[in-house]
Amino acid sequence: MDLSPQPFSVSVAEQDGTCVVRARGELDLSTAPEVEAAVLPLLRHGRRVVLDLRDLDFLDSSGIRMLVVAHDVAAKVPEASFGLVRLAPESHVWHALEVSGVDQVLDLVELPA
C-alpha cells in the first residue's frame, strides 16, 4: 500500500455561478501561493468562491494564512464571497482548522462528493 502523498494540484471550475477551487495534495509554504493565485483574483472581481480541501493530505500554517487572507479579501469586495467545503470531522485538515480557530470564522458549505 502506497502511503506517499498525492502530487499537489489546484483546479477551478464553474458550478451554478460559483467558482469551485479544488486543492489536492499538501497545502503548505510551497503550494499556498498557487491556491492564492487561483482564489484571490476571483474574489477581487466580486465572484463567489468555494474552496474544496477535501482531497488535501496536509495543511500547515501557510495554508491557514491563505484562508484568512481570502476571507478578508472577500469581506472587502462588494458581491464577493468566500466559503470552504465542510470537511469530515475526523480529517487532519479539519483538525488543523479547529486548532487554529479558523473553523469559527469561515463560511462552511456543502458540495456534492
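**Ground rules.** I am working from a predicted model, in which local features need pLDDT of at least 70, side-chain atom pairs count only at pLDDT 80 or more, and totals for chains, interfaces and linings use all residues. Residues are numbered from 1 along each chain as its sequence is written, and side-chain values use heavy atoms, with hydrogens and water left out.

**Entry 1: H1 against H2.** I began with helix H1 (residues 32–44) and helix H2 (residues 61–76); helices here are DSSP runs (H or I, at least four residues) and strands are E runs of at least two, numbered from the N terminus. How are H1 and H2 oriented to each other? I found an angle of about 5° and axes 10 Å apart, the axes being lines fitted to C-alpha atoms over the stretch in contact and the angles running from 0 to 180 degrees between N-to-C directions. H1 and H2 are therefore roughly parallel (under 35 degrees; over 145 is roughly antiparallel, 65 to 115 roughly perpendicular, the rest oblique).

Next I listed the contacts (heavy atoms within 4.5 Å). From H1, the residues include Val 35, Glu 36, Val 39 and Leu 43, and from H2 they include Arg 65, Met 66, Val 69 and Val 73. This contact divides into 10 nonpolar, two polar and three charged residues.

**Entry 2: helix lengths.** After H1 comes Gly 46, with a positive phi near 75°.

**Entry 3: Glu 36.** Beyond four places in sequence, Glu 36 touches Pro 41, Arg 65 and Met 66.

**Entry 4: the cores.** A nonpolar core is a set of buried Ala, Val, Leu, Ile, Met, Phe, Trp, Tyr and Cys residues joined through side-chain atoms within 4.5 Å. The largest one has 33 residues, and Val 39, Leu 43 and Phe 82 are among those with the most contacts inside it. H1 gives the most to this core, with seven residues. I also noted a second, separate core of five residues, including Val 20, Val 50, Val 109 and Leu 111.

Phe 82 has partners that include Val 39, Leu 43, Leu 67, His 71 and Asp 107, leaving out residues up to four places away.

**Entry 5: Asp 55.** Asp 55 sits in strand E3 and, at 36% relative accessibility, counts as partly exposed. Its contacts beyond four places are Gln 6, Ala 23, Arg 24 and Gly 25.

**Entry 6: positive phi.** Asp 16, in the loop between E1 and E2, has a positive phi of about 55° though it is not a glycine. Asp 16 is exposed at 78%. Glu 79, in the loop between H2 and E4, has a positive phi near 75° and is not a glycine either. Glu 79 is exposed at 76%.

Key:
Nonpolar A, V, L, I, M, F, W, Y, C, P; charged D, E, K, R; others polar. Buried < 20%, exposed > 50% of the residue type's maximum accessible area, 1.4 Å probe, protein only.
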